[in-house]
Structure formats: C-alpha cells, structure tokens
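Reader: I would like to learn how to read the features of a model like this one. Please take me through them in turn.

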Amino acid sequence: MATIYIDNKPYDADPSRNLLDVCLSLGFRLPYFCWHPALGSVGACRQCAVKQFKDEQDTQGKLVMACMTPAAEGTRISIDDPDAVEFRRNIIQGLMMNHPHDCPVCDEGGECHLQDMTVMTGHDYRRYRFDKRTFRNQYLGPFVNHEMNRCIQCYRCVRFYRDYAGGRDLDCFALRDIVYFGRREDGVLESEFSGNLVEVCPTGVFTDATLKQHYTRKWDLEFAPSICAHCSLGCNTSPGARYGTLRRIVNRYHSEINGYFLCDRGRYGYEFVNSPLRIRDVTWQGGVIDGAAGVERLSTLLAAGKVIGIGSPRASLEANFLLREAVGAANFFAGMADDELRLVRRILEIMQSGMASVPSLRDIELSDAVFVVGEDVSNTAPRMALSLRQSVRQQPIRSIEKLRIPVWNDNAVRDAVQSAKGPFYIASPYPTRLDGIATEVCRAAPDDIARLAFEVAEASDENSPAGRIAAALRNAQRPLVVSGTGLNNAAIVEAAARAAQALGAALSYVLPEVNSAGLAMMGGGTLAEAMEAVRGGAAETVIVLENDLYRRAPAEAVDALFRSARHVVALDHLTNGTTARADLVLPAATFAESAGTFVNNEGRAQRFFQVFIPHGEIQESRRWLRDAMLAAGRIEAEALDRLDGVIGALGRALPRFARVHEAAPPAAFRLVGKKVPREPHRYSGRTAMLANITVSEPKPPEDPDSALAFSMEGYSGQPPPPLIPFFWAPGWNSIQSLNRFQEEIAGPLRGGESGVRLLVPNGAGQQQAGVPPAFQPRNGERLLVPVYHVFGSEELSREAPAVASLAPGPYLALSPEDAKALGEDTAEVSIGGKTHRLPVLVISGLPEGVAGVPAGIPPFTGLSLPAWGKFSRMP
Amino acid sequence: MEKPLTARIRPDGEAVDLKAYERAGGYQALRKALLEKSPKELIEEVKDSNLRGRGGAGFPTGLKWSLVPTGDGTPQPRYVAVNADEMEPGTFKDRLLLEGDPHSVIEGAAIAVRAIEGSAAYIFLRGEYVLAAQRLRRAIGEAYAAGYLGKNVLGSGCDIEVHLHISAGRYMCGEETGLLNALEGKRANPRTKPPFPVASGLWGKPTVINNVETLANVPHIINNGAEWFKSLSRSKDGGTKLYGASGKVKRPGLWELPMGTTAREILEEHAGGMRDGLKLRGFLPGGASTDFLTAEHLDVKMDFTEVQKFGSRMGTGTIIVLDDATCPVGMTLNLEHFFAQESCGWCTPCWSGLSWAERILQAIEDGRGEDRDLDDLEAITKFVAPGNTFCALAPGAAEPLQSALKYFRGDFERHIREKRCPWPS
C-alpha cells in the first residue's frame, strides 16, 4: 500500500493501480469516458485531468490524466484545483460541441454517462456557435442501433469490440472531429458480444435495438436481480419490465462470473417472454378453463395416483423439487436426453472428485495455457469464450514485465505485446470462432478428440501435437482444460478430466442448459425409464415440467409415450410439441415472472427473482403444483407456499442442497425495516397506469418470495449483492454507477459476491471409461456431429425475434471433398429412420467421414447426436 | 565555409549515384563504424558532436541512441526508423537530401543501426515524394549490390537491412509513434509514452527514430570527428543546418549554413530580401507549427535555444514569410485548417479545439466574426497546451495561432468590425 495525497488529505492506495481507479474506489467524483475498468486506460478523452504536485512546496503543479498516472507512493494531486476543474469543464464543452442537445428525446437520456459527467463537471453553457457535424447511420443488425451524431470519440466501442472481444468488422474511420465508428458498410455486427456496445458506449451511439421496439426509460422500468437462462454459465443479469412486458436485459456485474459483459444471446434472448407463443390461459383438452379449475383438474389427477413427473434442466431447482414432491421421488424423472443425463452426472462426479479444480470465468480469464477439448464454447457458452480470449494475453503480458508497463496502460501493453498469444489449443470436429487465437487446432472426429486428450495426459514426446499441448500446459502457471457436453461423448468428458489431472490444470465443463447441474444433482430416473413406466402401465398420468420432450428424445418415442399415457399435463411458457399433446396445459412463469435457483456449470447456486407480474393466469410452476397438492389434501404442501419454505424443504430432503438458501437473503430480510424497491425512485406513472381500471391507486402487489418490493419505495441504500435489482447512485444514472457498488474498482461488489458453490470435493469417482478405438469412417455414411449456433441452438432464445432472425435454417454441413463428390446443392440423408433433403453447407476442415447438422434446430431436435447418417449417393 | 550536407548535390538536380558518392568519400564512415569503432564509440562521438535532431524537436541524437538497451538479455531485434515523412507545411529540406543525395541518408541510417546494435532500418517516406522514392529505391539497390547493406556488411559480421516504406499520407505519420503505428499497418495515432520507442517501439522492439537530415550528418561526424562538427556551427548546437525560406521573398530556397545563422542573414542575404514593394510583417521560423516572429526578431540566431528566447522555436529551420500584402487572418486560417484536418481524432482537446478554432477563423475571414471570438480562440490555445493533449500536434497548432493573436490582433479585430476580409482576395 502506498500513501497518496488528494487535496492534501492522505489516503491508502494500491500503487499498481492508476489514480482514476483509486479516486473512484475512494468514492471521489472524478469524471471519465475512455477509461473502462475492464479495458484499461488510454488517455484519449482527457476528462479525468487532475493537478499533480511534485511535493508539499510545489504550488504550481501540472495537469495530468488520472487514468494515465500510477498511484505511486507520495503522489500529491488535487481534484478540486481550479485549473483542473476548468479543464474538465472545457473537455465536456469540447465533447458537447457536436453532441446533440436533445437529451429529453434521446433514448439514452436518463442513463447516459455523458449526461452524468456533464452535470458533474458543471458545464452548462456552450460557447461553440457553429453547425454540428452529422453522419449517416448504419444498419448494424437486430441487436444494436446506431446513432453516430451522438458520438464523442472516446474509442471505447472499438477497443471493446476489436481489442477485447476479437471482432473485426467494427472500426474507426476518418479523423479530426469526424471520426466515424461503424462498419465498412451496413450489415449485422459479426461479434456475438456486440450488445455490450450498448453499455460500453458512454452515450447513445449504440443502443439496444430491441428496447427501441418497446422503449421505456431506465427510471420507468422495474427490475429484479436475475440469472441468464440461456446457457449453463449463470451470468448475472438485470432484466427490466414495464406494463407487464419484459423490455430489455442489461449486465449485472459479478466479479467471478460475467464481470462487465454478457453475450448477445443472454442480452437479447429475453423476448421469448413476450412471445405470441406464450401460454397465458389454462386449457383442458383444448378448451380454456380458469385457474381454479386447472388446479382442480391437476389435483384430481394427483389424487388418482399412478403419476410420474418429468423435470427440466431449464426449470428452477424449486420447480423441479415441487414436481418431485408432488409425484414422489420414485416417480420423478430428470427430463434430459438419457445420454446427456449420464454425461452431466459423470461431470458432476468428476467435479466433486477433486481430480482438478473448478474455475470461475474470472479464473478462466487469468489462465495462461488452455486446451479446449471438443467444445464449441463460442456457441454453447459464449461468455466463456470472451474470458478465454483474455487468457491468451496472460503469457505475453508476463513476457514484457521488464518494460515495467502497468497492466492498466492498455495501448502501451498492446503495442509492446503486439499480436503475441499464449498457448491455446483447440480440438474440435469443425472450425470454431476461437480458432483465430489458437496456437494449434486439431480437427478430428469426437472419439479421436478423446484419444488426443488421453494422449495429452500421458504425453512426453514434445514433437507430437499431444506432446506440445502437454508441455504448454505443464509449463504454465495457471493451465486450464475446457470441455463439455457439446459433442455428447463420454470419452471426451473422461479424457479432459484425465488430461487436467495429469497436467495439474483447472477443469471447466460447459453443460447443456441453465440448470442442467441442478437437475442432475436432484436425481430422478431417465426418460427411457419414464417411458417404460407408462408403457408398462405403472403410470397413467405424466406431468411434464417446463420441458418439450420432442427436444429430448426421438419424436416416435415421445409420440408413443403420450399415446400410452392416459393424461398428459404440461406446465410451460410457450406452446410447443409437448403442450400440443397435453390434456391439461398450465401457463408457467418464466425466469422473469418467478423466483428460484439455478445451479451453473461451476456448481454455483444462484437466485433469480421475479421482475414483474405477468398478464393472464400465468404463475410459477411450483405454485401450480403446490396448489394442486393442497387441493388433493396433501397438507405437507402448506409449508411449500413461499420460496423460502421450498428451499428449506429442498435442503432437508436432499442434503446436497442444504446451502441453497445462502444464495440470497430470505424474503423476511429487511434493511432498516424496509424491502428493496424494484423501481427507481423516479419511476413515473404509478398513479396513472391502472387508472383505466380503477381511479384509486391500488396497493402494490405483495411479494411473499423475496425481500424485494414491487414499488419505488423502500430502502434507498445499497442492498446486499444478490438483491441489487439495478445499478444507480446519486449523480450516476448510467450503468457506470456500478463503480459505486464496488469496494475496489473491478473487484467484488460490496458485501461479497453472490451465489454458493454446492459441490465439495469428496475424492470419489475416479477414472472410468477407457480410451475409445480410433474413429473409422464408413462408406456411404457420415457421422453427423451437432454444430452449435449461438443464435438458434438454444430452445427459448430462438423464440426471441431478434435472435431468431440470425438463426440458421436446417442444413447439412459437408467437407469440401464430400460436397464435391456429391456435386449438388442439396443432399438426402437418412438418420434415425427418417430421410431429409437438406441444403448443403460446405465447412472446410471437417474430418474425413464426418458431417454436421445444426444442433437444436428442427428437424434435428430430439435426435441423439452424433449419429450416423446414410447418404443415397456418397462414396 | 564547409557544406558537408550539400557539397555533393548536383546542380542539374540528378541524384548522386553510388560511384560519385564513393568518389566523394561515401561509405568510408560506415566502414569505419563497422570495422574500426565499437557501437559505444559511435554513440560517444555523436554525443560529443552536439548533433541535435533536425526533425524540429532538437533532441540530442547521441543521447537518444544511448537510451536503447543493449547487452545480454535485452530485447532483440532493434530497429532504426528514418522519419522521411516531411509533411510540415513550408518544409522541404529533407526532400533535397532524399532526392539529391540518397546514399548519405542510407549510410547515416546504417551507422545508426550499428550504433544501437540493431538489425534493420525502415525509411518511412512521405507518399508525395515520388521522385525521392525512385531514387532511394535505386540507391538502396546499389548499396546492397556493393555490399554496404545486407548480410555480413564489409566483412564485419554485421547484418544491416534497409527497407523503404512509402506512407499512405497523413501529417500524424510524421509524429514518431504515429509513424510506428503506420509502419505496422495501423491507424497513425500517436502511442502512449512512456514507454518510449527506445524501449518499446516498432513491433514492440527497441527503436530509434531519426530525421533524414539528422542521419545525413552522421557519416560526416564519424569521418571528421565531433570537434570538426562543432566547429561548423556558430552556436552550441553542432554542425550546419539546412535553412529555407518561402513566401514572397525574392529568392525562395534552401541553403546549408552554419547552425546559428540569423534569420536576417537567411532572409536578406540568401533569400534576397522581400519582393519589391512588400514589407515583412512576420515569419514562422521553422514550419507551420512554430510561433510567428516579427521584423524586430530578425537578428535571432536560428538554433534550438536562441529562437525559444523569443517565444518561438527553430523547428525545421525553414522559414515561412508573411508579407504586408497578405491577410494574416487568412494565413492563420490556412494553417489551422491544415492542423484541424490532420488531427487524428484521438484526444478531445485536439479534435474538438482545432476544429472549433478553424470554424471561428473561417467565420472571421468570411465576415461572420463576433467580438467574443478572439477570447474563444485564445482559450482554445490554452486548452490545447502541452500536457493537456496526447501528443504535440495540437500544441504545435496553437503556436502560430497564439502568436498571430498577439502580433496581428488589429487585423483580427478589423475583420470582425468591418465584417469582411479587408485584403483584396
């Protein structure tokens, strides 16, 4: 720790940080634009100028940029010095020279960092009297809206997009006060992290194009702390709603997981909540009935017995647990594809075995040698890919230590490091978006990928690919192996663990869905067993929880299940194949309309809370089930009314969930006797929005499940991290207000990070499967591997219009050699007893004997992939 | 009077070829540098000579070389970048050397490479210097063929490569770190300093960036010694200097004269004084980014320290003359238009301040000036002061503006009062 002096008062400071960072951490109101906690300092905007003095005697001092000056021992600065104050005001004047003066009608207004900083510096009169420069805006795709006239040339967008996220198609053009930030030509931004521009941009150049479809000011939104539902990483989000529709999602900082950034699936997948496919009524055999009648029907079925329940990896722990309670543990089935369930269970075993440590995304970012074993991370867990992109910088940055450039000095570090990258190895059957940062890429069939990883675990010869990978990881300080369920291959999962164990590397598995880990931990039978129970007559009623079984098993098998069941009950958000076959359909609340717990791929339980109260008969799945249990005379369900009661019962029933309650404070939690308001204190229209129904303002709805209130009133300070609905602080209306919620910039939120890791190493579950035989190509057949798409492969987000517009249709991916041999634009392939004619997509690098089909995209849902596909004409 | 830099230059405008260069003692210095002197001795010789950078900043060349880390465990390779991006308005001195005596630049660069125990020099050439490009290319080819460049030069065991890179154009490319970015194929924005290029330069490696004229002096210093070089000068800074004059003087041109020659001698003796009927109102001593001086300053010795005493800089030493029949506001507008246009757009004071200043000047010149405009212009010159901006471009741009406001204030006020430019266009 160093002592520095700010306006003649001594403060402790970390000398490895810069003065801006330190001043903000200490709570000073020092304005800035180009600096970003995750992107470092570049000294472009000159907004954070302070006066620096040589010593106590120095009265002259000189202006320095706080962001570019280390907080070295004895540093003396003044923030309040009149020259510094005037200079900062002049900088704003320069920035506002060309900036439109239209805040009241600008869609960034009210959460604009430029607006906040302008107020903070006291610039209120503009001397510039000439025309403002204007630009033509570009179409950048369905996610991001472009309004270049607002640009203040801070360069954050290109620094995030290009330097941090590895994008290529956004750049800056021209010079002086007409620098243009955009693409060479109109078109969809290529990076799957483009949505972060909305938050990275300090003003309204890049705004959320989906929010624009149903625009609401930040101060008019109601928020709740939430967890992204679109992959297994569990990124923390802050969804905002108004008038019963979800309007947008922004990042909710978590220092160990998503940090400052989300992927575009996580940010834009939310619109499924507003989809016309939403189920809002209770239906019985196609006819609408009211909610009470629905509960009555379900209770009758429950009382009649012979009921099984099929859970879901996209439903909360609490919903799955209620189903398990309703039908009994023996009648509870997990609702994943059977091979997937086995894989996830094995992964959990490995994670608990202690074979390797389980890294957070933050740990992944700091890894310095990486081996990705058969997982297309950019498409299955995109936020992890962004962390991996930072990992390749660790070794090069270490190599320039002698230059003594502080790591926050971003451009200097990048100029010194140039394009050097640390060791990064990928084994995948098809090209991935991370190939560009890879040291070496190995294209192989799934079994051969497993063989490679097994070889890496044993390798000693540094001339072989396996040997090079092993050496790179062995020589690293923080080696990492990444794998997952993407290729649905048990040997890959095993081999990755073996490699990580042998090389002392951390081990991260990507799981299929948001609560795959939670569901697998809960137990339950396989789908095959569920089908057998129904076929054999042991079960007559099937309750399907938030699950489309047509995505879990072949259509014929699911059809057969539904045919032999006397009654099918479906609780879900959107109409799908399963709800279409159900006798009783109950409209289930989505993540945004309910509270619950998801367990992510690290085994971390995290709570999400209800954002808004939906229209129609929609309620939480666990409430439907609990109400029906009560109606069926199951008095034990009385204790399962509130969320905390469910979590308590869960922990008692299944001790591995005993700590789930620690993920967030209980509903009874109060701060100075108050709940935490979901709405900003400037929330408008409260007295008017229901005036068409009743002129006397009704009491705000109660929330029995959380310490959050559906109100603008309540505790006005900083709540504990799991209860932070949105980031706001006096004078800081934009997302940058986050700085005020951290003890130290880019560190944990005040009060510690949320979530609780449930898996404790127990030393059990060592090596299982052996090395598989080498892949053998077949004549006339190709092994169809699943090809993942960040937009399209995941079930719920593909119903969000913006995401759907970027999702591919069905195709058959062939190597150039196979495509040439076939000689046609379409191909006929037989798989799982069905023949499909599909457009051919040529993918260079597919190994011999391997072809691909899009994962999660009809008609390839429900198929167990990889699978052999037979071609009518193929050598 | 000795004129080492220009003695070989041919009156017919053709380049000195290798044979002629060798006949005149060319590449003897390189031979000496490689076979007789150690790199340390080379640096000491240049340090002792008081050679200061001729690009305008006047940084001591030997000192710059000595800052490059050498020895075991220091970064490799090391580079020399030759700043031949002569884009300073009114400056055309390097062009004479590049077109007339390219081997002198190549030899100087090769010696610099040796001095820092480097491996290659990159000549970064202004795009418009097409003739210089042709001649440099030919000269580099000749030097390779004769064994002055390439592997094991002159049997010394040293490899010295020289590459020619033609700029795509932009004033910022002449800023030394902007030049490095441009060489790497990136946007020519300036880089963060520190680290300085001698520690982390081209492709992150230690790099010395020297001006053309600076390097052309080096072979002569090595051949004739530091004392000889110092004796050429009339001031503390060693050597001769290429001085120039443009504007409405009788004989605009370029002359090699002892360092420290007065502006009066340059303008009155060498440039032949003002054209008939015109009087000198002011002059920019060394390119567009230096403060105006006036007739009362004509006796200033043109070197790196004396000119500063009068509130300006010698800069490149090529004088631009303002006469009494030319509108000073128009001239200032022209200059500020250039600087505003060439701002890379990186730091706020530069891109906003210069664009604003340009618009104010345009308004004044067009008769749309307002009383407060001069206050605003003055405020802008303070806003872009050294230290406030990321690089030296905007402080340089402020120099002619702040001095024009000082010396020609009446002209600005008249424009505003009469709502027109009083000079016939």
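**A sheet in chain B**

Author: In chain B, four strands make an open sheet of mixed pairing, in the order β6-β5-β8-β7. This is a predicted model, in which local features need pLDDT of at least 70, side-chain atom pairs count only at pLDDT 80 or more, and totals for chains, interfaces and linings use all residues. Residues are numbered from 1 along each chain as its sequence is written, while chains are lettered from A and ligands numbered from 1 in the order in which they are written.

Reader: What counts as a strand, and when do two strands pair?

Author: Helices (H or I, at least four residues) and strands (E, at least two) are DSSP runs, numbered from the N terminus. Two strands pair if DSSP finds at least two bridges between them. Strands of a sheet pair through backbone hydrogen bonds, either parallel or antiparallel. Here β5(B), residues 240-246, runs parallel to β8(B) and is joined to β8(B) by three bridges. On the other pairing, β7(B), residues 280-284, is antiparallel to β8(B) over four bridges.

Reader: Which residue of β8(B) is the bridge partner of Ala245(B), and which stands opposite Leu284(B)?

Author: Ala245(B) has Ile319(B) as its bridge partner. Leu284(B) faces Ile320(B), and Gly282(B) stands opposite Leu322(B).

Reader: How many residues of β8(B) are buried?

Author: A residue is buried if 20 or more other C-beta atoms lie within 10 Å of its own, exposed if 12 or fewer, and partly exposed in between. In β8(B), residues 318-323, five of the six residues are buried.

Reader: Why does Thr826(A) count as exposed?

Author: Thr826(A) is exposed because it has 12 other C-beta atoms within 10 Å. Thr826(A) sits in strand β33(A), residues 826-831. Leaving out residues up to four places away in sequence, Thr826(A) touches Arg837(A), Leu838(A), Pro839(A) and Val840(A).

Reader: At what angle do α8(A) and α23(A) pack?

Author: A crossing is left-handed if the near helix is turned anticlockwise from the far one by less than a right angle, and right-handed if clockwise. Helices α8(A), residues 291-304, and α23(A), residues 621-631, pack at about 65° with their axes 8 Å apart. Their crossing is right-handed. Among the residues that meet are Val295(A) and Leu298(A) of α8(A), with Trp624(A) and Met629(A) of α23(A). The residues of this contact divide into seven nonpolar, one polar and two charged. In that division, Ala, Val, Leu, Ile, Met, Phe, Trp, Tyr, Cys and Pro count as nonpolar, Asp, Glu, Lys and Arg as charged, and the others, Gly among them, as polar.

Reader: How many of the 11 residues of α23(A) are buried?

Author: Nine are buried, including Arg622(A) and Trp624(A). Their cover includes α8, α9 (317-327) and α24 (643-653) of chain A. After α23(A) comes Gly633(A), with a positive phi near 85°.

Reader: How many residues does the largest nonpolar core have?

Author: A nonpolar core is a set of buried Ala, Val, Leu, Ile, Met, Phe, Trp, Tyr and Cys residues joined through C-beta atoms within 7 Å. The largest has 403 residues, and Ala453(A) and Val82(B) are among those with the most contacts inside it. Helix α18(A), residues 490-503, gives the most to this core, with 10 residues.

Reader: How many residues does each chain bring to the contact of chain A with chain B?

Author: Chain A brings 29 residues and chain B 27 residues. On the chain A side, α2(A) gives the most, with six residues.

Technical notes:
Contact = placed C-beta atoms within 7 Å. Axes fitted to C-alpha atoms, helices over the stretch in contact; angles between N-to-C directions.
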